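Here is a short tour of one protein structure for anyone meeting it for the first time. Have a look at the chain, then read on.

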Amino acid sequence: MKVCMTYSYLTPHIGGVEHHMELLARELVKEGHEVSFIVSSWSGNNTEFPVTYCWTPFELFKAPIMPTFPLKALREEFDIMHTHATMPFVS
């Protein structure tokens, strides 16, 4: 199964959601699933998983605005897209 997780940031950015996503992704990979991420360009570089970075021109109320997210998300087919927390124009 192809799983895509989305959020504003990914490790090495420090945060509870980022840590949770990484742990969840590792367990899904152990079960044989393909896991990838779509995050903001302000996220740290993660080399453990396939990551798509979205252009992020600014933040609004501490949430990165990613206008290219829809194009990046529609470029591939996923069985599940799991969005963590509230993301403007994604949730």
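L60 counts as partly exposed because its relative accessibility is 44% (buried is under 20% relative accessible area, exposed over 50%, partly exposed in between, with a 1.4 Å probe and protein chains only). L60 sits in strand β4, residues 58-60 (strands, E, of at least two residues and helices, H or I, of at least four are DSSP runs, numbered from the N terminus). Together, F58, L60 and F61 make a nonpolar surface patch of about 370 Å². Patch residues have over 30% relative accessible area and no salt bridge, with like charges joined within 9 Å and nonpolar side chains (Val, Leu, Ile, Met, Phe, Trp, Tyr) within 5 Å; the areas come from the Shrake-Rupley method with a 1.4 Å probe, and for residues only the protein chains shown count as cover.

A word on the source: this is a predicted model, where local features need pLDDT of at least 70 and side-chain atom pairs count only at pLDDT 80 or more, while totals for chains, interfaces and linings use all residues. Residues are numbered from 1 along each chain as its sequence is written, and side-chain values use heavy atoms, leaving out hydrogens and water.

## Strands side by side

Strand β1 (residues 2-6) is mostly covered, with four of its five residues buried. β1 pairs with β2 in the parallel sense over five bridges (pairing takes at least two DSSP bridges between two strands), and M5 has F37 as its bridge partner in β2. β1 also runs parallel to strand β6 (residues 80-83), joined by four bridges, and there T6 stands opposite T83.

What about S36? S36 belongs to β2, residues 34-40, and counts as buried because its relative accessibility is 16%. Leaving aside residues up to four places away in sequence, S36 touches V3, C4, M5, P50 and F78 (contact means heavy atoms within 4.5 Å).

## Salt bridges

The whole structure has four salt bridges (a side-chain nitrogen of Lys or Arg within 4 Å of a carboxyl oxygen of Asp or Glu). One of them joins K2 and E76, whose closest N and O atoms are 3.6 Å apart. That pair links distant parts of the chain, 74 residues apart: K2 in β1 and E76 in the loop between α2 (69-74) and β6.

E22, R26 and E48 are linked in a network. E22 and R26 both lie in helix α1, four residues apart, and their closest N and O atoms are 2.3 Å apart. R26 also meets E48 at 2.9 Å, N to O. E48 lies in the loop between β2 and β3 (51-54) and R26 in α1, so this pair ties together parts 22 residues apart in sequence.
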